[in-house]
2 protein chains.
Amino acid sequence: MYPITSPSDSSRPFLTWQRITDWAQEHYRCRSFTKDEKIPARPGLLYLVERGSIRLVGEAQVSASSSNSRISRPLEAEEAFLGFVGAGQPFEIVVQSPFTLQAFAHVDQTSVIWLYWHDLDHWPHFRREVLDAFRHQHQRKLLWLSTLGQRRTIDRLLGFITLLIEEFGEPFDDGYYLPWTLTHAQIGSAIGSTRVTVTRLMGKLRQRGLICSYADNLIALPSDNPVLQKRQA
Amino acid sequence: MYPITSPSDSSRPFLTWQRITDWAQEHYRCRSFTKDEKIPARPGLLYLVERGSIRLVGEAQVSASSSNSRISRPLEAEEAFLGFVGAGQPFEIVVQSPFTLQAFAHVDQTSVIWLYWHDLDHWPHFRREVLDAFRHQHQRKLLWLSTLGQRRTIDRLLGFITLLIEEFGEPFDDGYYLPWTLTHAQIGSAIGSTRVTVTRLMGKLRQRGLICSYADNLIALPSDNPVLQKRQA
């Protein structure tokens, strides 16, 4: 939605995208998922979101409680929302004990293509675009980490919302809105807070006119949001 | 230090590394920095750490305080430690208002090579290795975000230390240690906490035997750390 930092970063159209999707259809490498359905993704494979949106979730089983309880109660694991992967974007799953990544369809009719990396040997140019896309996702995560380092939860919350809407937001008369719903619990899981706190702080941000709503409670940034104005200045 | 998740992720040696460093010398594209000296890095360029270690720092100027103060007081900006970039690894700077990234030499005699992306046209294989390295860094950041989503600060702290030592740790008789010093303020800036809180919680983790020290207060994970044992199981 916004101009990306440097031209080389812009999420460029995948030139060979059509050929890849045709190939995926022929080889039964494409599948559709319903909202919140888990993508059976395995480490080492490459996944492409053909349609819809993926929600990445991380599980950390690091707990500072007694080591016994840590090992014996994986149920203690906390899930963290790690972001969206939109149509045309690649994702992959990392599993590195004690951390686990999972991918879920965030909306209905989300379809995903999977490939082995060596499948891309036929399309070296496309492989580079996939790697460039990961490079861009990495840059976004560095910005995300910048805001998560902020001490006040309300600042982390505003920074988090700003980054999401910068990347995925769509324009409307009064600003930009996030085209997908995100529960306060999911937001809390991303910024190290709780559903209750997020609900309270979202109210504060609304009162201060820093965020607003669009349609049936989609999160939005008003166009007079100072952050946006700074960007456009 | 640990086997990386999937073979394709392993930070493989840069095959043409020697040719690149020679080229950088010839073209005055290499410079040495002293500890905590700022690297004059610009967006759009590519940087390679030839020797030493880089500390990435993010600045978020998103503040939920009144919009005036947000714009008029950039001094309010909070710095967040975003991680290290070790020798042989690439990094780049993203600037996306209201966020800014900066790179500092974390140790003396850190030397950095800079290139334009089109310089890599001569070395397509090397470009792919650079992009693969960014892909790997992205995977590490997803794990990092997984632990920062944890509600309890002590869990975020332990997860943060575990991830850093997994990636950069070096072995000693009693476990693995982080080869660079990191202040409690820097740790706090990464996990959204304060120096004082980090100092208090580091004490707790020590008491519980979850972390220990090496040499003159380098952070270490004892080899009987349950997380490591799970990994090795």
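The model is predicted, so local features need pLDDT of at least 70 and side-chain atom pairs count only at pLDDT 80 or more, while totals for chains, interfaces and linings use all residues. Residues are numbered from 1 along each chain as its sequence is written, chains are lettered from A and ligands numbered from 1 in the order in which they are written, and side-chain values use heavy atoms, leaving out hydrogens and water.

**View 1. R127(B) sits in helix 3 of chain B.**
This helix covers residues 124–148 (helices are DSSP runs of H or I, at least four residues; strands are runs of E, at least two; both are numbered from the N terminus). R127(B) counts as buried because its relative accessibility is 9% (buried means under 20% relative accessible area, exposed over 50%, partly exposed in between, with a 1.4 Å probe and protein chains only). Skip the neighbours within four places in sequence, and R127(B) still touches R128(A), W117(B), L120(B) and D121(B) (contact means heavy atoms within 4.5 Å).

**View 2. Four strands of chain B make an open, antiparallel sheet.**
The strand order is 10-11-13-12 (two strands pair if DSSP finds at least two bridges between them). Strand 10 (170–172) and strand 12 (212–214) are at the edges with a single partner strand each, so one side of each has no neighbour in the sheet. Strand 11 (residues 175–177) and strand 13 (residues 218–222) run antiparallel, joined by three bridges. Here G175(B) stands opposite P222(B).

**View 3. Two cysteines of chain A, C30(A) and C212(A).**
C30(A) counts as partly exposed, at 22% relative accessibility. C212(A) is buried, at 19%.
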